[in-house]
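Colleague: Before we go into particulars, could you take me through the way you read a model such as this one, feature by feature?

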Amino acid sequence: MKAARLHEIGKNLSIDDVEIPVPKGRQVLVRVKSAGVCHSDVHYKDGRWGDFTPQGLGFKSPSLPLTLGHEIAGEIAEMGEDVTGLSKNVAVVVNPWEGEGLCDYCSIGEEQMCDNPTRLGITRDGGYAEYVLVPDFRYVKTIKNLSFDEAAPLACAGVTTYRAIKEASMEPGNALLIVGSGGGLGTLAVQISKALGITTIIGVDISDKAIKATKDAGADYAINAIEENADKEIMSLTNGNGVNGVIDFNSSDKTLGAYSKLLAKLGTYVMVGQFGAELNINSIVAIRKSLRFKGTYTGNHRNFVEMINLVENKHIKPDVRYVGGLDKVNEALENLSNLKVTGRQVIRP
Ligand SMILES: [Zn+2]
Ligand SMILES: [Zn+2]
């Protein structure tokens, strides 16, 4: 089968011919119909997160070559002998945030924090290939109302967004600010926030295209931070109180500094984007306003299942752009590096 693999940090992926894996035990082989292209893939390819390398962040570098791609939807092609409740050709979306099941984090259901993670497309071969081997059938979820292209990005963008909204602890009547609202995660965050019934959703981004995407996704307000005075606008939209939650899909020097000042008392700032910046907040302000600052990384299997059910039942249509086959994967990564995309790009291996 064909697979787009990373051989060397900083180089483009190359299309290789590799063996089709054979599933054993609880493993399933999925025929990949659609794979989402995530900004993390750019980080893995470049070996850098902002100013940091994986070593600098205390992560293990993956062993290369590695087939990237962790947003995967497809059909069950083959199953190991211990798989039950699934049949061939069933449409599924794959949860790539797997743990080895043995550490404390796995045992409390937070497998995405596993000490020895076994993540598809990150620590083991992923979905930029015709087939992918999923280590355990509990990580596939059947889909009914979603196309493969719509389902694939949910595996990372969807679960990350859903967990981030949960972490923001929104209450009825609250206002949520979404920073980077026009991108792949941003538009999904707007849609999911709306489906969860969040009262006021404010999106902020920096291009007309992104502002249009924010409005199309259903935000109550969309602010172009280049053209408008976003601080003033947001404070006036919230009657001078500020927002109760911020979800920051950049978490860069520019956004962290500016938007953390707009939190209302008891507000929560959730950092998702990995642009790499120092959090700089006066402790007296944080204490007197009882502010909470959190990082969040993807989500657990419960978040994954809840999010897929929510998206299917509320008929959320993720904003996806079909770019082409496996041979287009480097182009798609390039588009992300140049910040040229709104919505989520998908390829069809
Ligand atoms: Zn991702
Ligand atoms: Zn674990």
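Modeller: Let us start with the domains, whose bounds come from an automatic or database domain assignment: the chain is divided into domain 1 (2-156 + 299-347) and domain 2 (160-295). This is a predicted model, in which local features need pLDDT of at least 70, side-chain atom pairs count only at pLDDT 80 or more, and totals for chains, interfaces and linings use all residues. Residues are numbered from 1 along each chain as its sequence is written, while chains are lettered from A and ligands numbered from 1 in the order in which they are written.

Colleague: What separates the centres of domain 1 and domain 2, and how many residues of each are in contact?

Modeller: Taken over C-alpha atoms, the two centres are 27 Å apart. Two residues are in contact if their C-beta atoms, placed from the backbone, lie within 7 Å, and 19 residues of domain 1 are in contact with 19 residues of domain 2. On the side of domain 1 that touches domain 2, helix H10 (residues 301-313) gives the most, with 4 residues. Helices (H or I, at least four residues) and strands (E, at least two) are DSSP runs, numbered from the N terminus. The residues on that side of domain 1 divide into 8 nonpolar, 6 polar and 5 charged, where Ala, Val, Leu, Ile, Met, Phe, Trp, Tyr, Cys and Pro count as nonpolar, Asp, Glu, Lys and Arg as charged, and the others, Gly among them, as polar.

Colleague: How is the crossing of H4 and H10 to be read?

Modeller: Axes are lines fitted to C-alpha atoms, for helices over the stretch in contact, and angles run from 0 to 180 degrees between N-to-C directions. Angles under 35 degrees count as roughly parallel, over 145 as roughly antiparallel, 65 to 115 as roughly perpendicular and the rest as oblique. The axes of H4 and H10 come within 9 Å and cross at roughly 100°, so the two helices are roughly perpendicular to each other. In this contact, Gly158, Val159, Tyr162, Arg163 and Lys166 of H4 meet Asn303, Phe304, Glu306, Met307 and Val311 of H10, and the residues divide into 5 nonpolar, 2 polar and 3 charged.

Colleague: Why is H4 described as largely enclosed by the rest of the structure?

Modeller: A residue is buried if 20 or more other C-beta atoms lie within 10 Å of its own, exposed if 12 or fewer, and partly exposed in between. Because 10 of the 11 residues of helix H4 (residues 157-167) are buried, the helix is largely enclosed by the rest of the structure; among the buried residues are Tyr162, Arg163 and Glu167. Just after H4, Ser169 takes a positive phi of about 50°.

Colleague: Where does Gly183 lie, and which residues does it touch?

Modeller: Gly183 lies in the loop between strand E9 (175-179) and helix H5 (184-195), and with 26 C-beta neighbours inside 10 Å it counts as buried. Not counting residues up to four places away in sequence, Gly183 touches Ala210, Phe249 and Thr342. The C-alpha atoms of Gly183 and Arg344 are separated by 7.3 Å, although these residues are 161 apart along the chain.

Colleague: Finally, what is the order of the open sheet of 3 strands?

Modeller: Strands of a sheet pair through backbone hydrogen bonds, either parallel or antiparallel. Here the order is E2-E1-E4, with antiparallel pairing, where two strands pair if DSSP finds at least two bridges between them. The edge strands, each pairing on one side only, are E2 (14-17) and E4 (66-67). Strand E1 (residues 2-6) and E2 pair over 4 bridges, and Lys2 has Asp17 in E2 as its bridge partner.
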